[in-house]
Amino acid sequence: MARSVLGKTIRDGRKALVAWTYGVVVVSVLYTSSYKLIGKAKGNVMAGAPQSLQKALGMQDYGSPAGYLGSTVFGIMLAMLFSAYALVTATRAVAGEEESGLLDLLLAQPVSRRKLVLQRFAAMVAVLAGFGVLVVAALLALRGPVGLGAVAASGIAAATLQLVLLGVCTGGVTLLVSAGTGKRGLSLGIGVVVVVFGYLANSFLPLIKGIGGIKHFSPFYWFDGNTPLVHGISASGCLLLAGVTVVAVVLGTVLFERRDLNV
Amino acid sequence: MSGGEAAVLAEGLSKEYGGGRKRVRALDTLDLTVRRGEVFGYLGPNGAGKSTTIRMLLDLLRPTSGTVRVLGEEPRSGGPGLRRRVGYLAGDFVIEPRQTVGEALRFLAELRGGVPPMRIEGLAERLDLDLKRKVRQLSKGNRQKVGVVQAFMHRPELLILDEPTSGLDPLLQQEFLALVREAREDGRTVFMSSHIMSEVQAVADRVAVIREGRLLTVDTVDSLREHAVRHVAVRLDEGPEEVDAEAFARTPGVRDLEVRPAADAAGGSELRCTLDGRADGLVKALARYGVAALELEEPDLEEVFFTLYNHNGGRETGGVTGHGA
Ligand SMILES: Nc1ncnc2c1ncn2[C@@H]1O[C@H](COP(=O)(O)OP(=O)(O)OP(=O)(O)O)[C@@H](O)[C@H]1O
Ligand SMILES: [Mg+2]
């Protein structure tokens, strides 16, 4: 019984999943293989911009291999793709199906609410991890031929792990609202707010005098604040991402177990 | 199986929706016992609280106060183990549209720990349901059949059916009622809600009637039928002047009597009245005349409620008017 809910969750979303996978692969491959074409040129353009703006856009080091990857593949595009996938999936997992009436049937079966939430969360984590494997595979295959060989495989693995954790964290927080309230709009809305705030708090907001420290509250900072491509895994970043996720998912599950199911 | 316990037991069961000003009391201190092995009808107009009650039995909703036991267990603590013994058809049955009927049913069967494929095929055949169609392509009635199959397929001890025949054509309603009878013959319990009196009368042993969240009565079908108001229209050979209207009006149970010339000017008359309770007096009074045609209209629910209110000491009569004796 347990396995069938998990399997079904993944199977039901398979068409959309193909599209997401396609997006992840295309972004990874296109950015990586354009290094020779645009890397150097863009580096030069950005060299004229103020240091703070470059930093906000994550482009202070566009010309170096790690700097290039950090501001393209591991810049905003994949972070947004992973977050968006997590947000949409976590919203549908409970609130979406609940509002469409589908959950009524499922929860009248011998399925516990806790298992339903946890398995759907697990399915989401598995898919995000799969995305991560694809990213690592694409980069490892391409980095030599396109001249990004200077970036260590361990750096790529660390950055990807933190990227996956960013997605998982976004999904976990969204699942808290999705399972805790059963309201689809609220779940999507709060998920988007978390992502947008997280991004801004790690890019533009710290430029404002006096609130530079705000970035420490941003999942995006936990994800790439330590420049994992160069420095490897950040224990504190990973712990924060995972910790927030665990708290959110546990809380969401408890709330879901306690409340009424809406139709 | 814990044999001695009631299939469903509710004590002082109440449910409120929302909080603060928007608070709605959908169910008010309901006491109800459904015995094992009986077919129990749960009757009430729209918004009476039927689905609210049923969703609490499945642990989809939690009671605001009071207790409820299903097959001897509390729905929440009973959890998946309890729901394995129950079959449920929701009032608005929704199922994932992007799959075939067969896939959907096999998935649900798997969740229940397996159902012989023959059983699913047999039920589908009886209800004339095509297992290869996509759920998305099904008409409302056919989708309802999927709901019926999934509720019955694992032969649960207790069937909880919320307006199970909605959307089914008369032929399939009959087939459905046959399924219910078979379930009873097997010793299973059926708890079904409806707002159609006649459908419940056809299968139920006992009936509870609720309205505005309150239980009006629990009774056997026979006794409920006896209390029900029916509209009677009789075509007599004799003209109006030959009919002793007074005698009819004195007959026990006859109200709102009206005798007038028959519409087709063939010389006969037409007698209309409402009949409350036993038909005996009226039939004997009619025997003196030539009865060309007799029409008996089954009571609708509003009228059943009206009589119930009267028998219960004439509490508020809701929207029912024009039934003064
Ligand atoms: N989620 C909800 N929030 C607020 N009020 C609700 C909710 N669900 C039901 N109600 C109210 O509770 C009352 C009982 O509703 P319920 O669905 O139990 O009626 P019902 O007997 O099943 O009616 P029907 O025959 O139309 O299916 C109604 O007044 C309804 O408006
Ligand atoms: Mg209902």
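This is a predicted model: local features need pLDDT of at least 70, side-chain atom pairs count only at pLDDT 80 or more; totals for chains, interfaces and linings use all residues.

User: How much area do chain A and chain B bury between them?

Analyst: The general idea goes like this: interface size is often quoted as the accessible area that is lost when the parts come together. Here, chain A and chain B bury about 2300 Å² between them, and 53% of that is on carbon and sulfur atoms.

User: How many salt bridges are there between chain A and chain B?

Analyst: Look for a Lys or Arg side-chain nitrogen within 4 Å of a carboxyl oxygen of Asp or Glu. Between chain A and chain B the count is 2 salt bridges. One of the salt bridges joins the side chains of A:Asp104 and B:Arg55, at 2.3 Å from N to O. If you go by polar contacts instead, the rule finds 17 residue pairs across the interface of chain A and chain B, with both residues at pLDDT 80 or more.

User: Now the ligand. Which residues are around ligand 1?

Analyst: Start with who is there, then check the polar atoms. The residues around ligand 1 are on chain B, and they include B:Tyr17, B:Pro45, B:Ser51, B:Thr52, B:Glu163 and B:His195. For polar atoms, B:Asn46 has a side-chain one 2.9 Å from an oxygen atom of ligand 1. B:Gly47 uses a polar backbone atom, 2.7 Å from a ligand 1 oxygen. In B:Lys50, a side-chain N or O atom is 2.7 Å from an oxygen atom of ligand 1.

User: How many salt bridges does a search of the whole structure find?

Analyst: Over all chains, 25. Take the one between the side chains of B:Arg214 and B:Asp28, at 2.9 Å from N to O. B:Arg214 sits in strand β9 (residues 214–220) of chain B and B:Asp28 in strand β2 (residues 24–34), so this pair ties together parts 186 residues apart in sequence.

User: And what domains does the assignment of chain B give?

Analyst: Domain 1 is 6–17 + 24–225, and domain 2 is 228–310. Taken over C-alpha atoms, the centres of these two domains of chain B are 38 Å apart.

Note on methods. Residues are numbered from 1 along each chain as its sequence is written. Chains are lettered from A and ligands numbered from 1 in the order in which they are written. Side-chain values use heavy atoms; hydrogens and water are left out. Domain bounds come from an automatic or database domain assignment. Buried area is the accessible area (1.4 Å probe) that two parts lose on being put together, summed over both. A polar contact is a pair of N or O atoms within 3.5 Å; within protein, one must be able to donate a hydrogen and the other to accept it, and residues adjacent in sequence count only if both atoms are side-chain atoms. A residue is near a molecule or strand if one of its heavy atoms lies within 4 Å of it. Helices (H or I, at least four residues) and strands (E, at least two) are DSSP runs, numbered from the N terminus.
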